[in-house]
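I opened the notebook to look up a few places in this structure. Here is what I checked, entry by entry.

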Amino acid sequence: MSAAASLAWHRKGVIPGFGITLGTTLLWLSLIVLIPLGALFVKTAELSFDQFVAVVTGRRALHAFALSFGLSLAAALANLVFGSVVVWALVRYRFPGRRVLDAIVDIPFALPTAVAGIALTTLYAESGWIGGLLAPLGIRVAFTPLGIFVALVFIGLPFVVRTVQPVLEDLDGELEEAAASLGAGRWMTVRRVLLPSLVPALLTGFTLAFARAVGEYGSVIFIAGNLPNYSEIAPLLIVIRLQEFRYADATAIAVVMLVASLLFLLLINGLQRWSERHTGRRQ
């Protein structure tokens, strides 16, 4: 350990308590996160390797994985784009009803997921307000994978907006004006002035929206239709296996979702750190 690192390690803060706070942190994380996740792997160990592979590579499981992760990724990307537009409108412009619009963004946070699912199903069913308009065009939303996508976009939007909004608010609008006065076009201003500062927040919002979407259950099962090999998500398949008393099979599916989610989150966090270092060097 270098001298600087050793000094930083032994330096005392104005308010003492490193030992007790670190101990409490480790204890709490162990009780709430590490021990339950460890129990998940222990339960999966009841299956042999061949049995585990058979469970997680079955046609029904593979389709549920592809549907959950694929639609979660698509919904997070959609929220990344349209959430950025919402943030830009809320931060850069003043208009009547802006505060009301800002408050509406938080509704998916407060609304119970089952209520959200029922509302979306009622709205997008063929007899609903929006579904009735789309049905003559041959577009079905409720009880299809498209309905799952709509539900995941609904519950993920606030994560992008609330993550990016404070960062954009801290950016001085005069920087954009200075870039324009120096001859930079709109796209160059966005690419060279705004994006370098916003990319870490955008990646964080995208990650949070994706993580929430992968594990979403309540709002999805109402609008999905839940047909095996068509509109059945992985969390629902886990619940079905539990209802069938196939606990080891359920934990095996859960372990695959956990590992895949962790790998994806590590990848995004790596990209976020690279972006922060790259931005720091440019500044």
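**Entry 1: an aromatic pair**

I began with Phe109, which counts as partly exposed because its relative accessibility is 41%. I kept in mind that this is a predicted model. Next I checked Phe159, which is buried, with a relative accessible area of 17%. The cut-off for buried is under 20% relative accessible area.

I then looked at how many aromatic pairs the structure holds, and the count is 5. Phe109 and Phe159 form one of these pairs, and it is edge-to-face. I noted 5.1 Å from centre to centre and 85 degrees between the planes.

Is Phe245 buried or exposed? Phe245 is exposed, at a relative accessible area of 62%. Tyr247 counts as partly exposed, at 39% relative accessibility.

I also looked at the backbone of Phe245. This residue comes just after α13 and takes a positive phi of about 65 degrees.

I went on to helix α13, which spans residues 234-243. How many of its residues are buried? I found 7 of 10, so I wrote down that the helix is mostly covered. The buried residues are Ala234, Pro235, Leu236, Leu237, Ile238, Ile240 and Arg241.

I then looked up how α13 sits against helix α4, residues 59-92. The two axes come within 8 Å and cross at roughly 140 degrees.

Which residues meet here? From α4 I listed Arg60, Ala61, Ala64, Phe65 and Ser68. From α13 I listed Ala234, Pro235, Leu237, Ile240 and Arg241. By class, the contact has 7 nonpolar, 1 polar and 2 charged residues.

**Entry 2: Glu216**

I picked a loop residue next. Glu216 lies in the loop between α11 (186-214) and α12 (218-224). Glu216 counts as buried because its relative accessibility is 4%.

What does its side chain reach? A polar contact of 3.0 Å joins the side chains of Glu216 and Arg212. The Glu216 side chain makes another polar contact, with the side chain of Ser219, at 2.7 Å.

I also listed contacts of Glu216, leaving aside neighbours within four places in sequence. They are Thr113, Leu152, Ile155, Ile233 and Pro235. Pro235 is also among the buried residues of α13.

**Entry 3: Thr251**

My last stop was Thr251, in helix α14, residues 247-282. Thr251 counts as buried, at 13% relative accessibility. A polar atom of its side chain lies 2.8 Å from the backbone oxygen of Ala248.

Which residues does Thr251 touch, not counting those up to four places away in sequence? I found Leu40, Lys43 and Thr44.

How values were computed: Residues are numbered from 1 along each chain as its sequence is written. This is a predicted model: local features need pLDDT of at least 70, side-chain atom pairs count only at pLDDT 80 or more; totals for chains, interfaces and linings use all residues. Side-chain values use heavy atoms; hydrogens and water are left out. Buried means under 20% relative accessible area, exposed over 50%, partly exposed in between (1.4 Å probe, protein chains only). Helices (H or I, at least four residues) and strands (E, at least two) are DSSP runs, numbered from the N terminus. Rings of Phe, Tyr and Trp (its six-membered ring) pair if their centres lie within 6.5 Å; planes under 30 degrees apart count as stacked, over 60 as edge-to-face and the rest as tilted. A polar contact is a pair of N or O atoms within 3.5 Å; within protein, one must be able to donate a hydrogen and the other to accept it, and residues adjacent in sequence count only if both atoms are side-chain atoms. Contact means heavy atoms within 4.5 Å. Axes are lines fitted to C-alpha atoms, for helices over the stretch in contact, and angles run from 0 to 180 degrees between N-to-C directions. Ala, Val, Leu, Ile, Met, Phe, Trp, Tyr, Cys and Pro count as nonpolar, Asp, Glu, Lys and Arg as charged, and the others, Gly among them, as polar.
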